[in-house]
Amino acid sequence: MSGIRKVAVIGAGVMGSGIAAHVANAGVPVLLMDIVQEGATDRNGLAAAAIARMLKTEPAAFMTPRAAKRVEACNVEDHLDRLAEVDWIIEVVIERLDAKRALYRRIDVVRRPGTAVSSNTSTIPLDALVDGMPESFRRDFLITHFFNPPRYMRLLELVTGPQTDPALAETVADFADRRLGKSVVRCKDRPGFIANRLGITWIQNAIAAADDLGVPVEEADAIMGRPFGIPKTGVFGLVDLVGLDLIPHTTASLRAALPPEDAFHDSYREMPLVSRLIAAGFTGRKGKGGFYRLSRTGGQKTKEAIDLASGAYRPARKADLPELKDAKGPRAVLDLPGRAGAYAWRVIGATLLYAAGLVGEASDDVAAIDEAMRLGYNWTWGPFELIDRIGGAYLADRLARDGRPVPPLLAGLDGRSFYRVENGRRQVLQPGGGYRDIVRPDGVLRLADIRLGREPLLTNGSAALWDIGDGVVCFEFTSQSNALDEQVMILLGKTIKLVKDRYKALVVYNEGTNFSVGANLGLALFAANIAAWGEIEKLVHLGQQTYRQLKYAPFPVVSAPSGMALGGGCEILLHSDAVQAHAESYIGLVECGVGLVPAWGGCTEMLGRWQASGTLPKGPMPAVARVFETVSTATVAKSAEEARDLLFLRPDDGITMNRDRLLADAKARALSLVAGYAPPKPVTLTLPGSAGGLALRMAAEGFARRGIATKHDLVVAGELASVLSGGEADILDTLDEDAILELERDSFMRLVRTEATLDRFESVLETGRPVRN
């Protein structure tokens, strides 16, 4: 097959509709099919209802509402012949072998030869699915196991059969990689493949151990979370997130499919409490609660946690485990005395032991198993990376002391690690004993690989600069949460001088969870508490000047965000020549939410973009009103595509679906701008003056009367209105960038001196959310 231009998804349940939505996010039209309900007036009703539901779900399945228009509601009774239009058919129906086989026979009658057909199953072997089907069907068949929610989970497990056409499988894998943004992990045709087989084992061990050892759910999640590179939800919070009802279903499927001697069965036990919760509708966050719930007794929201022994809910309490703070690394946690260490070893020891047994069974590749757990369960380290951190000899010795068998893979390490760096290349140990280089796919460039065995061109405590080849350098934030501070600005200033003298282009990029959460509020709060107003104003001015130097540098600058790019992180995008954004970039000027106004040029740049957009009525007020609406409400784009609508991104800025391809795409974009590059010309803006500012303040007062703006919100909105309208300038006065930057700086300094703004700083630092004054 030459490519995938249209897709059909059969099965409009949560998973099938989510897959269809994400294919539509990639710009590809989709036929979403389901059965016709008996007596239905709309024969496409199930699929149509799924599309409508996805437009309302949070987190959103569609990157923009426009994407929903690419999904066409159909049914398998009237429209099955339309499968001849598509290049890939994805089956996501009930996990019953007879139902799937019956559907495949119908599909094979109408599909074009060479059309890929895949199942989303994770429990039924491929051989069983295609048993009795023609050779031509078996050649075009594979398993593509997406993780839920399909838009956000990057893992795709791919399974092929002995007769699957390798070229067709490669076409599907390439589409999943480049267009859907998936990391494709090849798995053997074994029950549960990799991630769920190991992940469910981990979950079962964690729940059973907490029950046996009397570990409260809050303590269990604290132990199983960050110390082992696992999301802070831990295990009980994770089960609530995915749904309690899914765990028994997946467990039952694996128990039925795995041979009796498989160690998976050792982790299984009946859990009457879980059954009672599910029966009562306590299925996790999608239900009335799960291991945790929100109680609204007396009109107050109170978080409660379940007591595993009694099954009764009680007020949730913070885990009282001071020893965790002192334990440096996962091995230290395993060595903790008492309940915490015993629980950690019981769970992690059994999980890593099982992982070692999956090599050669679920996959021949240690790195593939690690990748599956990093992406399928959001672990920071895969199981073998975790073994390296703990120590293979330590793990083997402790297993032996417990009387448990030491897998040959661990016993044969002989002091080696599963991963090493050799000649600047990361290598992984093979089951046969030798190491191989970890080779990235074409078009993948990782900063983590570039850093191996190299020194940065420039560095300080908050940022670093790296040579990424071909005359391009990469500026990386390295502070906590990639927050921006004086050190970032100083190094960025030095970078501009260095690139001007020796390089062709600059890319601003990092591989953190978030591009940047904005300015360092902790430092700002500290300075404010000691009345160091001059230091704060100095930082504001430094940021303004540095960003302007970046904008008017004599070389192209491309920023490449992923995750949150907020406040000052958004402003650096606004000052770049181009942006190559990961599709899951959440961009916004959020300063008003913490009681400030953007002061590093965000207001100036947004005004310029909207006035030049040609999409608004003529005159200065429409652009000013649009920016006021966006900034005063601290609007954050929920995808890179939505960021284009808000003009945080330009219409010609690029979007990369696969996070691993972002740096390479940004570098290519930067190089494309080098020939004939000239920096932008300074702009002047025509603003409505004090009369326009009054109109904006009146609009904000209307929100206050409706109860959706506080007293301090009005103060902040008034300062923002002054900046955007030109302050005390005359009506239709023209201001240059310097004048507007001065307005930004002055308003910022007035607001940062208010007690209400500092209260919001403290709230954000403590809870992640501002208090509304």
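## Basis and terms

Two strands are taken to pair if DSSP finds at least two bridges between them, and the elements themselves are DSSP runs numbered from the N terminus, with helices (H or I) of at least four residues and strands (E) of at least two. The model is predicted, so that local features need pLDDT of at least 70 and side-chain atom pairs count only at pLDDT 80 or more, whereas totals for chains, interfaces and linings use all residues. Residues are numbered from 1 along each chain as its sequence is written, and side-chain values use heavy atoms, with hydrogens and water left out.

## The sheet 9-10-11

Three strands in the order 9-10-11 make up an open sheet with antiparallel pairing. Its edges are strand 9 (292-295) and strand 11 (313-315), each of which pairs on one side only. Neighbouring strands of this sheet are turned by 40° against each other on average, direction ignored, where axes are lines fitted to C-alpha atoms, for helices over the stretch in contact, and angles run from 0 to 180 degrees between N-to-C directions.

Strand 9 is joined to strand 10 (residues 302-306) by four bridges in the antiparallel sense, and S295 stands opposite T302 in strand 10.

## The sheet 12-13-14

Another open sheet has three strands in the order 12-13-14, and its pairing is antiparallel. Strand 12 (419-422) and strand 14 (435-437) each have a single partner strand, so one side of each is left without a neighbour in the sheet.

## Strands 1 and 2

Strand 1 (residues 7-10) and strand 2 run parallel and are joined by four bridges, with L31 in strand 2 as the bridge partner of A8. In strand 2 (residues 30-34), five of five residues are buried, where buried means under 20% relative accessible area with a 1.4 Å probe, protein chains only. V30, L32 and D34 point one way from strand 2, while L31 and M33 point the other way.

## Helices 21 and 31

The axes of helix 21 (residues 521-529) and helix 31 (residues 755-767) come within 10 Å and cross at roughly 140°. L521, G522, A524, L525 and A528 in helix 21 meet L758, F761, E762, V764 and L765 in helix 31, contact being heavy atoms within 4.5 Å.

Technical notes:
Buried < 20%, exposed > 50% of the residue type's maximum accessible area, 1.4 Å probe, protein only.
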